[in-house]
Amino acid sequence: MNLPGSNSRLVSRASVATLLTFFVSGFSLASFLSRIPTLRDALELSPAPMGSLLLVGAVGSVLSMPSSGPLVGRFGPRNTVWASFAVWASGLTGVIVAFEARNIAAVAVCLFFTQAGTSLANSTMNVEGGYVELLAKRSIMPWYHAAFSVGTVVAAALGATVLYFHIGFAWHMGFVIVVTIGIMVWAGLNYLPQDVVADMTMDESGATARTARAWKEKRTLLIGVLVFGTGLLEGAANDWLALAMVDGFQVTPAHGTATLALYLTVLTATRLVSPALLRRWSADRLVRVLLIGAAIGVLMLAISPWLGLALFGVVAWGIGASLGFPSAASALSRQPAMAAARLSVLSTLGYGAFLAGPPTIGYIAEFIGYRYALGFVVIPVLLSIALTPYLRAEPTDSHPVLD
């Protein structure tokens, strides 16, 4: 194979492009999530109907993700990520129009396509990130996910600002669409060329067969289950933390969004320092300790009668939720020929939980409130803690195809 060197300009530009993709993915997702209180109030939805609305979007996510492996294998990450963001932009434009008309059914339909595009883009960018990490020959996947988190922090801060100044939903989301598509045009142009991807994976055929094989691999599936728990941990905070603070502690919507920004900030900071942490501790041990801290933090938020202690729990939650997905993505990216297939499995389970799980919290909240409902997130996290040993490198992983 004639592959570019780790310090080549092509790899460097692809790494920057991947970093930007993660950033705008987090920015676009959190921008919408920051306006969930606006949607709820304008559409006059109680917790259960609000959960149903989010569940429709989650169905789009779950249905699109299994196709990511075959699509990336056939068309390459560049074309797939462009198509994904085109679907996202079209869907979100429809959400804006439907929201202005106060048509709940149309909002749900358009949200289906918005989340389908989002999920396919997220899966594709993780595949691209895995390829770049292998070519760069160093651990950079946590930094990509840190960029995703930076995007969510920026979006949460922007969301709090536009709420404070009473800027409309349509203007806010329209700005997000323009910024995201503008960045992604450049980023896609600087992805790894398809001939390089084909050399890394040995061929451009058999993508569907490799994906079917990945769904039968015990280690891949168990790591996927691990990420299901961590995805729910992260997704529940993104969807419901602001509302839990507003309803549970009677703070303003702006302060609720600011709490979400706090959570995202500590999550991002942990991801930024994670490469240094991973040089001292193995991924399985580090993720296990962090998840234990996250479980404690969630319970503190759920049962604390004091706002200050709840905020301390939010910090522990953010730190603990930081490394589940990036560590799992790195663990499943060590063999280029199977990276896209395995990451499509991981994304289906992880992002499926990230987007599909939180609506369940909405149904529970109908009876006990958002804050207490979030305490149920601890249950799948305990399973994730038990599965962390599978993040260790297997003997076959220590000799990737690139060697």
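Ser322 touches Leu267, Thr270, Arg271 and Leu290, leaving out residues up to four places away in sequence. Ser322 sits in the loop between helix H13 (307-320) and helix H14 (324-331), and this loop residue is buried, with a relative accessible area of 0%. Please keep in mind that this is a predicted model. The points below walk through its core, some helix pairs and a few individual residues.

**The nonpolar core**

- The largest nonpolar core has 111 residues, and those with the most contacts inside it are Phe32, Leu233, Tyr263, Trp317 and Leu346.
- Helix H10 (residues 218-249) supplies the largest share of this core, with 14 residues.
- Tyr263, one of the residues with the most contacts in the core, belongs to helix H11.
- At 0% relative accessibility, Tyr263 is buried.
- From Tyr263 to Val16 the C-alpha distance is 25 Å, and the two are 247 residues apart in sequence.

**Helix H1 and its two partners**

- Here is a general point to start with: two packed helices are described by the angle between their axes and the distance between the axes.
- Helix H1 (residues 9-33) and helix H4 (residues 68-100) have axes that come within 13 Å and cross at roughly 15 degrees. Angles under 35 degrees count as roughly parallel, so H1 is roughly parallel to H4.
- The crossing of H1 and H4 is left-handed.
- On the H1 side, Thr21, Val24, Ser28 and Phe32 take part, and they meet Val81, Phe85, Trp88, Leu92 and Val95 of H4. This contact of H1 with H4 is made up of 7 nonpolar and 2 polar residues, with no charged ones.
- H1 also packs against H6, at an angle of about 35 degrees and with the axes 7 Å apart.
- H1 passes H6 in a right-handed crossing, whereas H1 and H4 cross in a left-handed way.
- The H1 residues that meet H6 include Ser15, Leu19, Phe22, Phe23, Gly26 and Ala30. Among the H6 residues in this contact are Trp143, Tyr144, Phe148, Gly151, Ala155 and Leu158.
- By class, the contact of H1 with H6 has 15 nonpolar and 8 polar residues, and no charged ones.

**Helices H2 and H10**

- The axes of helix H2 (residues 36-43) and H10 come within 9 Å and cross at roughly 65 degrees.
- Ile36, Pro37 and Arg40 of H2 make this contact with Asp239, Leu243 and Asp247 of H10.
- The contact of H2 with H10 divides into 3 nonpolar and 3 charged residues, with no polar ones.

- In general, most residues other than glycine have a negative phi.
- His166 has a phi near 60 degrees, a positive value in a residue other than glycine.
- His166 lies in the loop between helix H6 (141-164) and helix H7 (169-189). With a relative accessible area of 70%, His166 is exposed.
- Gln250 is not a glycine either, and its phi is positive at about 55 degrees.
- Gln250 is found in the loop between H10 and helix H11 (253-280). Its relative accessibility of 63% means that Gln250 counts as exposed.

**Two more residues to look up**

- Leu286 is part of helix H12 (residues 283-303) and is buried, with a relative accessible area of 9%.
- Beyond residues up to four places away in sequence, Leu286 touches Leu277, Leu278, Trp281 and Leu323.
- Leu286 and Ser327 are 41 residues apart in sequence, and their C-alpha atoms are 9.7 Å apart in space.
- Phe376 is in the loop between helix H17 (370-374) and helix H18 (378-387). Phe376 is partly exposed, with a relative accessible area of 42%.
- Setting aside neighbours within four places in sequence, Phe376 is in contact with Ile364 and Ile368.
- The C-alpha atoms of Phe376 and Val315 are separated by 18 Å, and the two residues are 61 residues apart along the chain.

Note on methods. Residues are numbered from 1 along each chain as its sequence is written. This is a predicted model: local features need pLDDT of at least 70, side-chain atom pairs count only at pLDDT 80 or more; totals for chains, interfaces and linings use all residues. Side-chain values use heavy atoms; hydrogens and water are left out. Axes are lines fitted to C-alpha atoms, for helices over the stretch in contact, and angles run from 0 to 180 degrees between N-to-C directions. Helices (H or I, at least four residues) and strands (E, at least two) are DSSP runs, numbered from the N terminus. Angles under 35 degrees count as roughly parallel, over 145 as roughly antiparallel, 65 to 115 as roughly perpendicular and the rest as oblique. A crossing is left-handed if the near helix is turned anticlockwise from the far one by less than a right angle, and right-handed if clockwise. Contact means heavy atoms within 4.5 Å. Ala, Val, Leu, Ile, Met, Phe, Trp, Tyr, Cys and Pro count as nonpolar, Asp, Glu, Lys and Arg as charged, and the others, Gly among them, as polar. A nonpolar core is a set of buried Ala, Val, Leu, Ile, Met, Phe, Trp, Tyr and Cys residues joined through side-chain atoms within 4.5 Å. Buried means under 20% relative accessible area, exposed over 50%, partly exposed in between (1.4 Å probe, protein chains only).
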